[in-house]
Amino acid sequence: MSIGDTLAEARRQAGLTITQVSQQTRIRESIVRAIEQGDFSPCGGNFYARGHIKSIAEVVGLDPVPLIREYDEEHGPPSTMRASQIFEPATPIKIREPRNLHLGRVLAVALLAVIGFGAYHVYSTRNTHPPATPTARVRPVVTAKPKVTPTPVVHTAPPKNEAVIKLAATSACWVALTSPTGQSLFQGTIQAGQSKTWDEKHPVSMVIGNPPGVQLTVNGKPEQLSKANVVTLTINPSSKTPVKVG
């Protein structure tokens, strides 16, 4: 039996429909149906095909290791794709270091500024104040300093029943975001050094490939992800614990 036939037979014996498998694995029904028919092209590559086989096998009660081994024999082992093709950024990130200013130049500029300010002050004082008579007494003018009230810093929290999801990639990763009805909200690869933000008011499902290369926060709270190849999350904005791993 092929990989697809084995998964389909195990699903039927478990009494599950394709829709139920899709809901538990967060894999679209069309992809589950294509895998059962032996078509792995909708998976988006060997890396994600292995992750889908593993997720489906665990739901229908099979050991995924023999199935993944059979997939590698048919499509090539994982080593045929270099890690640099997946996890290295397409464009190196250049960090410019600030140049150190010469101390002598800084002192010279400061000295010129002090001299210029003093000359301007003397000149303006002579032009605005006539010379005092011998009997006149000049009183110093005291200018009251205005009272400065610091502006309070207001920290705005996200609206109630809304989840602000931010994903920053430290290495290339694959992300799929779907609604409870199976509608695809986002699907694609996020390169290293890039980030993506979603504002969701309804429950969503998120599948992440290469979780160790991801920094995920929900409403500003960092989420700890497993070190597996693929991780599935359920995010419900109206729940006290909005993030559920499963």
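Me: What kinds of residues make up the lining of the largest cavity, by nonpolar, polar and charged?
Reply: This is a predicted model. In it, the lining divides into five nonpolar, four polar and two charged residues.

Me: Which residues line that largest cavity?
Reply: Arg26, Ile27, Arg28, Ile31, His52, Trp174, Ala176, Thr178, Ser184, Gln187 and Val207. The elements giving two or more residues to this lining are β2 (173-178) and β3.

Me: Which element has the largest share of the lining?
Reply: β2, with three residues.

Me: How much space lies in the largest cavity?
Reply: About 110 Å³.

Me: And how many cavities of 30 Å³ or more does a search of the whole structure find?
Reply: One.

Me: Back to Arg26 from the lining. What does its backbone do, and where is it?
Reply: Arg26 follows α2, and its phi is positive, near 60°.

Me: Is Asn210 buried or exposed?
Reply: Buried. Its relative accessibility is 11%, and the cut-off for buried is under 20%.

Me: And which one has a positive phi of about 55°?
Reply: Asn219, again not a glycine. Asn219 belongs to the loop between β6 and β7 (221-223). Its relative accessible area is 34%, so Asn219 is partly exposed.

Me: New topic: aromatics. How many aromatic pairs are there?
Reply: The count comes to four. One of them is Phe47 with Tyr48: the ring centres are 4.9 Å apart and the planes are at 90°, so this pair is edge-to-face.

Me: Are Phe47 and Tyr48 buried or partly exposed?
Reply: One of each. Phe47 is partly exposed, at 24% relative accessibility. Tyr48 is buried, with a relative accessible area of 14%.

Me: Which residues form an aromatic cluster with Phe47?
Reply: Tyr48 and Trp174. Trp174 is also among the residues lining the largest cavity.

Me: Last one: Gln194. Where is Gln194 found?
Reply: In the loop between β3 (184-190) and β4 (195-200). Gln194 is partly exposed, with a relative accessible area of 42%.

Me: What does Gln194 touch, leaving out residues up to four places away in sequence?
Reply: Leu167, Ala168 and Ala169.

Me: What separates the C-alpha atoms of Gln194 and Thr170?
Reply: 7.9 Å, with the two residues 24 apart along the chain.

Note on methods. Residues are numbered from 1 along each chain as its sequence is written. This is a predicted model: local features need pLDDT of at least 70, side-chain atom pairs count only at pLDDT 80 or more; totals for chains, interfaces and linings use all residues. Side-chain values use heavy atoms; hydrogens and water are left out. Helices (H or I, at least four residues) and strands (E, at least two) are DSSP runs, numbered from the N terminus. Buried means under 20% relative accessible area, exposed over 50%, partly exposed in between (1.4 Å probe, protein chains only). Contact means heavy atoms within 4.5 Å. On a 1 Å grid over the protein atoms alone, a cavity is a set of points where a 1.4 Å probe fits but cannot get out, and a pocket is an open set with protein on both sides within 12 Å along at least five of seven lines; lining residues have an atom within 4 Å of a point. Grid points are joined across faces, edges and corners, and a volume is the space filled by probe spheres set on the points. Ala, Val, Leu, Ile, Met, Phe, Trp, Tyr, Cys and Pro count as nonpolar, Asp, Glu, Lys and Arg as charged, and the others, Gly among them, as polar. Rings of Phe, Tyr and Trp (its six-membered ring) pair if their centres lie within 6.5 Å; planes under 30 degrees apart count as stacked, over 60 as edge-to-face and the rest as tilted.
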